[in-house]
Amino acid sequence: MRLGRLLAVGAGALAARYVLREVRTSPGAPALERTNFRGRTVTLAAGPALAVGAAAGGALGAGSAPAGAAALLAGVGAGSVGLYDDIVGARPDQKAAKGFAGHLAALREGRVTAGLVKIAGVGAAGLGAAALLAADPRVAAHPCRQRAGALGRGLDVLLGAGVVAGTANLVNLLDLRPGRALKSGLLLGAPLTAGPYGGIAAGAVGAAAGLVREDLDERVMLGDSGANALGALLGVSLAARTGPLGRAGVLAVLAALTAASEKVSFTQVIQRTPGLRHLDELGRLAD
């Protein structure tokens, strides 16, 4: 790995650890305490820690001002609306609305749920990040983009936004057991550290690596804030290195997995598949 990407990994890890310590010792720390699936008290402080660490490390390693701005917007934006949902969505009047359909049903009743704010916010962060990537000379130099007209370039930005938001959502769907979302982010992000715009993924990988031990030990929880930010940064790295057709392919896979999650429990699939189950349980506390 090149020196610049090693620096991005280190910056992501150090920034995540620093923010985690600051949030844990802040006056607002008690508001972030939650009970996990085993009844243990954990803190959601890892969420903003990962968002800031991954965004800072990703921006440092991005290689250009537009790509760095895209990394910052995606990571901080997705993390911020995720934190809003973590806090406001925990209120009793918000818990009835579950899933995308539930949030839309609440909207038809005149209620704007925290979950709907998060969905719209992640989408907006993805759109902004994709628009910034379009200003990057290397991204714009793709042959398909050179030949495209205004409509084609607009569709390309929408595809990029879908990749960023879809990856954010997918990683969030996996955040149901200690360490699972971070392991998934590390497995997806490690190969992305190679090749164009690998520094963006390197920052996210560093932040994830800096927090995975405490997540596995059930002292912290990513929440929507951390999971969305991690996925969004990896989505930016994917969108930056792919042309319009590549973005469409990635988005199709993300849409298929999201649709499958409505019908199939990822947790049950993991538990029934020996290799996945062993990887999922690796490093986790015994039951």
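**Nonpolar patch.** I looked up which element gives the most to the nonpolar patch, and found helix 1 (residues 3–24), with three residues. The model is predicted, and I read every entry here with that in mind. The patch lies on the surface and is formed by Leu3, Leu6, Leu7 and Leu60. I noted about 430 Å² of accessible area for these residues together. I placed Leu7 in helix 1.

**Second largest pocket.** I turned to the space left open in the fold. I noted about 540 Å³ of space in the second largest pocket. I counted 20 residues in its lining. Nearest the centre of the pocket lie Leu170, Leu174, Ser184, Leu187 and Leu257. I then asked which helices supply at least two lining residues each. They are helix 8 (150–173), helix 9 (180–192), helix 12 (244–263), helix 13 (266–272) and helix 14 (274–281). Helix 9 gives the most to this lining, with five residues.

**Salt bridges.** I searched the whole structure and found 15 salt bridges. I picked out one of them, Arg38 with Glu218. Their closest N and O atoms are 2.2 Å apart. Arg38 sits in the loop between strand 1 (33–35) and strand 2 (41–43), and Glu218 in the loop between helix 10 (198–216) and helix 11 (223–241), so this pair ties together parts that are 180 residues apart in sequence.

**Rings.** How many aromatic pairs does the structure hold? I found zero. I then looked for charges over rings. Arg138 lies over the face of Tyr197, at 4.2 Å from the ring centre. I also logged Arg177, whose charged end sits over the ring of Phe37, 4.5 Å from the centre of that ring.

Key: Residues numbered from 1 in each chain as written. Predicted model: local features only at pLDDT ≥ 70, side-chain atom pairs only at ≥ 80, totals over all residues. Heavy atoms only, no water. Patch = residues over 30% accessible without salt bridge, like charges linked within 9 Å, V, L, I, M, F, W, Y side chains within 5 Å. Areas by Shrake-Rupley, 256 points an atom, 1.4 Å probe, with all protein chains shown as cover. Salt bridge = Lys/Arg side-chain N within 4 Å of Asp/Glu carboxyl O. Helix = DSSP H or I, 4+ residues; strand = E, 2+ residues; numbered from the N terminus. Phe/Tyr/Trp six-rings, centres within 6.5 Å; stacked < 30°, edge-to-face > 60°. Lys NZ or Arg CZ within 6 Å of the ring centre and 35° of its normal. 1 Å grid on protein atoms, 1.4 Å probe; cavity = no way out; pocket = protein on both sides within 12 Å on 5 of 7 lines; lining within 4 Å. Points joined across faces, edges and corners; volume = space filled by probe spheres on them.
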